[in-house]
Amino acid sequence: MAPEAKSKGGGAAPCCDKLYTCRLCHDNKEDHQLDRFKVKEVQCVNCEKIQHAQKFCEECSTLFGEYYCSICHLFDKDKKQYHCESCGICRIGPKEDFFHCLKCNLCLAINLQGNHKCIENVSRQNCPICLEDIHTSRVVAHVLPCGHLLHRTCYEEMLKEGYRCPLCMHSALDMSRYWRQLDDEIAQTPMPSEYQNMTVDILCNDCNGRSTVQFHILGMKCNICDSYNTAQAGGCRISLDQQ
């Protein structure tokens, strides 16, 4: 998660030579984006002195921000931020609660270290729900079991409509409890006699395995991993030994 806030000083945008209190204000008003790394000067809102970007005003000692990064030129309230050289931007900490995954190329919560599926440079892809940037977003990224990333808010909205990753269709959370409920529902809902001996080939979205199972309108369970996150991979047929 990348922090952002208005400061007690206005940064001079080198791209258009205008003063803005934050880069987001600039980007919302202009037809181009501000390169935060090229900002060299700020103007104090109290004494209006233009000066080199720094934490305190050299004229009246006004504090521009409790946190200041001389690389990102970020002024913010103290949120335990830290600058990650590998990410290239500042992150909200505290730093000891996060680690940088070199393959994913992103800072992740420390409890995911050695406990997530890596996808190379996954954070450089846009969120598949809102199609907006993840790497520099101020919204926390959520790591799915398949390794893909969504904005946390997009993930929560997605769960209101479904449970699959929008990119690979893998289950986005632990569905084992729901699968057990589905087992019970199927056991209590026998198919009509003309369908009871019907089988179908399926492809499992969770383990990518293929199997042949009995057809049921409520769902078809993978014989390999017991998931119901499956798709029909062939036509239905009557078992020869039952004809």
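How many Å separate the centres of domain 2 and domain 3, taken over C-alpha atoms? The answer is 16 Å. Keep that pair in mind for the last stop.

**Before you start**

This is a predicted model: local features need pLDDT of at least 70, side-chain atom pairs count only at pLDDT 80 or more, and totals for chains, interfaces and linings use all residues. Residues are numbered from 1 along each chain as its sequence is written, and side-chain values use heavy atoms, with hydrogens and water left out.

**Stop 1**

Select residues 41–44, which form strand 3. Strands here are DSSP runs (E, at least two residues), numbered from the N terminus. In a regular strand, side chains alternate between the two faces of the sheet. In strand 3, Val42 and Cys44 lie on the covered face. Glu41 and Gln43 lie on the uncovered one.

(Two strands pair if DSSP finds at least two bridges between them.) Glutamine 43 has isoleucine 50 as its bridge partner.

**Stop 1: glutamine 81**

Inside it, go to the loop between strand 6 (74–76) and strand 7 (82–84), where you will find glutamine 81. Is glutamine 81 buried or exposed? Buried means under 20% relative accessible area, exposed over 50%, partly exposed in between (1.4 Å probe, protein chains only). Glutamine 81 has 9%, so it is buried.

Show its side chain. A polar contact of 3.3 Å joins it to the side chain of aspartate 76. (A polar contact is a pair of N or O atoms within 3.5 Å; within protein, one must be able to donate a hydrogen and the other to accept it, and residues adjacent in sequence count only if both atoms are side-chain atoms.) The glutamine 81 side chain also reaches the backbone nitrogen of lysine 79, at 2.7 Å.

**Stop 2: domains 2 and 3**

Colour domain 2 (86–124) and domain 3 (127–173). These bounds come from an automatic or database domain assignment. The contact (heavy atoms within 4.5 Å) takes 13 residues from domain 2 and 9 residues from domain 3.

Notes. Helices (H or I, at least four residues) and strands (E, at least two) are DSSP runs, numbered from the N terminus.
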